[in-house]
Amino acid sequence: MGEGTGGLVLDDDLINIETKHFGGLFGFGGIFWSSDNADRLDFRGQRKPLYYMTSDYELFKGVKYLIDVGTRNDEWGGLVAFATDHETTSLRINSRLQARKYENGFGDEFVGIIEQMYISYDQYDKRYTNAGNIFAFDDDVTVYSLSLNLTYKINDSFELHSNNEVGTFNFNSMEDDEFYFYRVGASYYPLQGRQESITLFASNKVLTDSYMRPPSDYSRTNMPLFTDYDFVGFEASFRF
């Protein structure tokens, strides 16, 4: 990945090497950054690498677990989650219950210097519990969250949806941060057998810098990717 794709700090380059086996039952990998004061071809850089193991497996149809355990700066971090995806002819339910833990020092060299590059609107469905949003505050934390998305198909022309994410950042050295993001809306599909749609919705999940700068600019402000602001929106999805 090239310059600006470091994920947490814009000027970093990043290499992510990962392998999975037995249908995802076991995997391992490493993430290596080059910092802006290191040679671009030297991925030893100034930032410590992250080494991790994963297990991502479907227990039975529509239900799977996810485990991710890693070490960085001689500290530990990890995630445990259960996800469901169930669909009938008219209803789809997608959920994810998870707990994420970072030890103090795991995020050193990133905490407090997160640079959230402008993220286009099609990234709107990212979870609030990703590392960038957490490290904007601190890394000595346990995070609990639940996402629940419901889609109900009334007929071939109309569809309702309700997307929700609720949780808390339980910091050990600062005040906890509770959050709830939602989006409810109705979609109209004017053409039979096609996915073009017009949607009216209400939400409180706003990309923090999306209304402040054009896509060609970067945000170098240490802040979470999303902010809480109630609004009503209208969108159209179509293809030529």
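Hi everyone, let me begin with a word we need: a residue is buried when its relative accessible area is under 20%, exposed when that area is over 50%, and partly exposed in between, using a 1.4 Å probe and protein chains only. By that rule, buried residues make up 39% of the 240 residues in this protein.

Before we go on, a note on where this comes from. We are looking at a predicted model, where local features need pLDDT of at least 70, side-chain atom pairs count only at pLDDT 80 or more, and totals for chains, interfaces and linings use all residues. Residues are numbered from 1 along each chain as its sequence is written, and side-chain values use heavy atoms, with hydrogens and water left out.

So what is it built from? The protein has one helix and eleven strands. Here helices (H or I, at least four residues) and strands (E, at least two) are DSSP runs, numbered from the N terminus. Reading from that end, the order is β-β-β-β-β-β-α-β-β-β-β-β.

How are the eleven strands arranged in the sheet? They form an open sheet in the order 1-2-3-4-5-6-7-8-9-10-11, with antiparallel pairing. Strand 1 (13–21) and strand 11 stand at the edges with a single partner strand each, so one side of each is left without a neighbour in the sheet. On average, neighbouring strands are turned by 10 degrees against each other, direction ignored; the axes behind that angle are lines fitted to C-alpha atoms, for helices over the stretch in contact, and angles run from 0 to 180 degrees between N-to-C directions. When we say two strands pair, we mean that DSSP finds at least two bridges between them.

Strand 3 (residues 50–60) and strand 4 are antiparallel and share nine bridges, and Tyr57 stands opposite Tyr65 in strand 4. These two strands form a hairpin with two residues between them, and Gly62 in the turn has a positive phi of about 85 degrees. Strand 4 is then joined to strand 5 by ten bridges, again antiparallel, with Val69 opposite Gly78 in strand 5. That pair is a hairpin as well, with two residues between the strands and Asn73 in the turn at a positive phi of about 55 degrees.

Now for strand 10 (residues 197–207). Eight of its eleven residues are buried. On one side, six bridges join it to strand 9 (residues 177–188), antiparallel, and Gly185 stands opposite Phe201 in strand 10. Strand 10 also has ten antiparallel bridges to strand 11 (residues 226–237). There, Leu200 has Phe234 as its bridge partner, and Val206 has Thr227.

Last stop: the second largest pocket, with about 1,100 Å³ of space. Strand 8 gives the largest share of the lining, five residues.

How values were computed. 1 Å grid on protein atoms, 1.4 Å probe; cavity = no way out; pocket = protein on both sides within 12 Å on 5 of 7 lines; lining within 4 Å. Points joined across faces, edges and corners; volume = space filled by probe spheres on them.
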